[in-house]
Amino acid sequence: MNLHLPLLLLLLSPVIAHAQLTITDSARTIALPEVAVRGHVARSVTGTFHGSYIRGTRPLVPQQRCVVWLPAPDSGQTYTLASLVIPLHCRFTAGRLQVSLHQRGAGAEMLGPELLKQPFLFAPPDSIPKRRTQLRLDLRNQRIQLPAAGIYVVLESLPTVADEVFIRRDYIQRRKTKKDGSAVVQPYILTQRGTDTTTIWTPTDAFPKLRQSPAGYVSNTWMRWAPHLPYKREGLQTFRGKSVQAFDTVVMLELEPIE
């Protein structure tokens, strides 16, 4: 048997060599092309849209301010501000809409420090396309972190041009009357420009009209009807003997979570 062993090994040597080569090739490392993996950051939205709009709108005229408080959607998560959406009833043709963001104030003060580098200012007609019914503010380049106590969105109406001065509100009675016999009146905003003593009459309908959503008994919206008056929170009201629920001015804030 030992005499035949060298002959047997000689016959099997090609098979053994082939087997070793196959094993070595299968264990070889192969470099694959580079693959770019892109992740998607899920965004959250906090706002005052409660599922529906109401028919009535809120004209915002000079000397008036609307403040809306937006809380964080998750108190255990930190966010940066991505964008702010302000729905409008229609394209406005008079006035300028100024938008600013504030922290919560200290003590009795509702509004704290401003968060934007400078307020956003929208003026017709060039900055607002004809069919545009909402304003969208891109906030990503501001790199603002949502405060733990939430954020206050301040909407303020200014006169149409910088040197225009508010005088007062006034009403003109029309010839036609309502079904109950009461007179129909048209509200106007009276202003003057620069040193010109000519009074400009502008219908309140020409100024920005904010959209509203039913909030129930308590809303997150405050109004300041004149600079010398305090802020008043919108709440349950009585109109013509009937109880009317509170309404929120609709604003929506898009947030990006910080990992």
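**Group meeting: side-chain contacts in a predicted model**

I start with H102, which is found in strand β5, residues 96–104. Strands here are DSSP E runs of at least two residues, numbered from the N terminus. This is a predicted model, where local features need pLDDT of at least 70, side-chain atom pairs count only at pLDDT 80 or more, and totals for chains, interfaces and linings use all residues. Residues are numbered from 1 along each chain as its sequence is written, and side-chain values use heavy atoms, with hydrogens and water left out.

H102 counts as buried, at 12% relative accessibility. Buried means under 20% relative accessible area, exposed over 50%, and partly exposed in between, with a 1.4 Å probe and protein chains only. The side chain of H102 makes a polar contact of 3.2 Å with the side chain of S100, and reaches the backbone oxygen of G112 at 3.0 Å. A polar contact is a pair of N or O atoms within 3.5 Å; within protein, one must be able to donate a hydrogen and the other to accept it, and residues adjacent in sequence count only if both atoms are side-chain atoms. Leaving aside neighbours within four places in sequence, H102 is in contact (heavy atoms within 4.5 Å) with residues including L111, G112, P113, I151 and Y152.

Next, the salt bridges. How many does a search of the whole structure find? The search gives seven, each a side-chain nitrogen of Lys or Arg within 4 Å of a carboxyl oxygen of Asp or Glu. One of them joins the side chains of R136 and E254, at 3.1 Å from N to O. That pair links distant parts of the chain, with R136 in strand β8 (residues 134–138) and E254 in strand β20 (residues 252–257), 118 residues apart. Which end is buried and which is partly exposed? R136 is partly exposed at 45% relative accessibility, while E254 is buried at 18%.

A salt bridge also joins the side chains of D138 and R140, at 2.8 Å, N to O. D138 has a relative accessible area of 39%, so D138 is partly exposed; R140, at 48%, is partly exposed.

In the salt bridge between K209 and D205, the closest N and O atoms are 3.3 Å apart. K209 is buried, with a relative accessible area of 13%, whereas D205 counts as partly exposed at 42%.

Last, a charge and a ring. The charged end of R211 sits over the ring of Y53, 4.0 Å from its centre. The rule asks for NZ of Lys or CZ of Arg within 6 Å of the ring centre and within 35 degrees of the ring normal.

Key: Helix = DSSP H or I, 4+ residues; strand = E, 2+ residues; numbered from the N terminus.
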